[in-house]
Structures are given as structure tokens and as C-alpha cells.
Amino acid sequence: MTERPADPATSQARPAAPGFVASGAWAAAAGVACAVLGPLGERSGLLPRGAGEGIFRGAVPCALIAMATAIPAMRRSRRIVRGLVIIAVAVAAAVLPLRAWIAASSAPPISDVTTDLDNPPRYVAVARLRVPPANSVDYGGEAVARQQRTSYGDLRPLIVRVPPPRVLAMAADTARAEGWTVLAQDLGFADLGRLEATDTSFLFGKLDDIVVRIVPHPAGSRVDVRSSARDSRDDGRNARRIRRFLAFLAERAAAEPAGAPAPR
């Protein structure tokens, strides 16, 4: 009676096919390409409005595919370092698109944000630039105000102990320091100051318009700001812009020496 040969050991892990690991690397590379080329293509005008944003968001599914491929490859072939590199690249590619998607999803469906919901500052210089199909310069009324109160209830006018002419000069300096393009800066009847400017979003170069209104107040001056998207929906950037601008302006006003003359 012949002895049956022993079965080969099956407990040893089989190495993953090289193509299985390579597919994860390709998916991670595709995610990086989406995250970089989407914004670049839209800012440069090579892609139509909205197309670059769609490509940008495509980095997230690419990253998920890369991680879903890399993790089994690490277990089967013990290529730990290569798998971790693929996962790190995929995560890096998906971070900004994921944050942008969360911000857009949580923002109210409005394109106009202001610190004065009852009497929003009025666009004058910007009105000449907004031609159809751009958003209207007219404020949307109570419907828009209601949504802003729910989402951006912290936005309030800024009161500073500095006269309007000086506040207007500081507002212009702050606007330029923020990279805004100042379109108008004037001081009118009863020390009413007005500054209008444009700004572009970091990723896709979306145009936003801003108007700053400065009026006398018993304490010194009251500053109201309105920031709105010219031809797109807001994703929270206008509220963030107003908060940042008012915070910097408040710092400048607090550091202003008493009785400082307004610039000529």
C-alpha cells in the first residue's frame, strides 16, 4: 500500500498580483490629477464653469478606490510600505475636495450675505459689472435673510471708536491686504463712507463682489459689509470673508491712536 503524498500547505498567504497593487497606485494618481487639474482648468478658462469643480470632486471616489485596493494588497503580499504610500497619497488628494463638498453641502442655498439684513449696503459700481446671466444686485429680501439668520447668525455690524473718514481709509487698506480689487472708495454726505471691491475664490477663481458701508455712530462709526457671489451659489466663502475682514478691521481700529487724522 503506497503512502499518499501530503497536501501542500494552504495556510501561507498568496502574494497579491503586481497588477492589483499597481491599480491602487493608478487610482491614487488619478485622484491627485483630479484635485489639481480641476481647479487649474477652471481658473484658466480651459474648462467651462462647473466642469472643473466636478473633476475636482472626482478625487474622492478615486481615493476610495485606491484605499480599497491598497488595503487588501497589504494583507496579502505584506507590501506594507507601498500600501501606506498609496493610502497617504489618496488621502492627500481627497482632503480638499472633501472639505469643499462638506462646506457647499452645509451652506444655505443663497448667494448674498450681509451684516445688515434690514437695510443691506447697496452696490453702485458693481451694478455696472453685473450683466445677465449674473446674479442680480438686488437683495433677495426676507427669504434670503431668514436663511442667513439660520446659518450665519453671528454676523453683526462692527462698531469702532474711530471717525468714518479714518475707518474708510483703514477699510481700504484692509481690503487691499486681503487681495481684493477696490473699485470705488468715497466719502459722501454726512460722512457716509462706501467701498466696493471684487475678490476671487482660491480654488476656482469664482468672482465675488463686496460693498462696505461706514456711517457715523455715537461711539464712532458703524461698519456694515455685504459680500455676494456674482454668478454662482455661495458655499460659505462670503460669510467667511466678512468675518475675516471685520476681525482685521477691528484689530486696526483698536490699535488706532486717539485723535489720529484721516488721510487726505
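A residue counts as buried here when its relative accessible area is under 20%. With that in hand, let's look at the aromatic pairs and pockets of this predicted model.

**Aromatic rings**

The model holds two aromatic pairs. In one of them, the ring centres of Phe56 and Phe204 lie 5.4 Å apart with their planes at 85 degrees, so this pair is edge-to-face.

Trp180 and Phe245 make a stacked pair, 5.0 Å from centre to centre with 25 degrees between the planes. This pair also links distant parts of the chain: Trp180 belongs to the loop between helix H6 and strand E3, Phe245 to helix H7, 65 residues apart. Trp180 is buried at 5% relative accessible area, and Phe245 is buried at 0%.

A charge meets a ring elsewhere: Arg130 lies over the face of Tyr123, 5.4 Å from the ring centre.

**Pockets**

| Pocket | Volume |
|---|---|
| Largest pocket | about 680 Å³ |
| Second largest pocket | about 160 Å³ |

Among the 21 residues lining the largest pocket, Ser201, Phe202, Leu203, Arg237 and Arg240 are the closest to its centre. Helix H4 provides the largest share of that lining, with five residues. By class, the lining has eleven charged, eight nonpolar and two polar residues.

For the second largest pocket, strand E5 gives the most to the lining, three residues. Its lining comprises six nonpolar, four charged and one polar residue, including Pro120, Asp186 and Arg213.

Key. Residues are numbered from 1 along each chain as its sequence is written. This is a predicted model: local features need pLDDT of at least 70, side-chain atom pairs count only at pLDDT 80 or more; totals for chains, interfaces and linings use all residues. Side-chain values use heavy atoms; hydrogens and water are left out. On a 1 Å grid over the protein atoms alone, a cavity is a set of points where a 1.4 Å probe fits but cannot get out, and a pocket is an open set with protein on both sides within 12 Å along at least five of seven lines; lining residues have an atom within 4 Å of a point. Grid points are joined across faces, edges and corners, and a volume is the space filled by probe spheres set on the points. Helices (H or I, at least four residues) and strands (E, at least two) are DSSP runs, numbered from the N terminus. Ala, Val, Leu, Ile, Met, Phe, Trp, Tyr, Cys and Pro count as nonpolar, Asp, Glu, Lys and Arg as charged, and the others, Gly among them, as polar. Rings of Phe, Tyr and Trp (its six-membered ring) pair if their centres lie within 6.5 Å; planes under 30 degrees apart count as stacked, over 60 as edge-to-face and the rest as tilted. Buried means under 20% relative accessible area, exposed over 50%, partly exposed in between (1.4 Å probe, protein chains only). A charge sits over a ring if NZ of Lys or CZ of Arg is within 6 Å of the ring centre and within 35 degrees of the ring normal.
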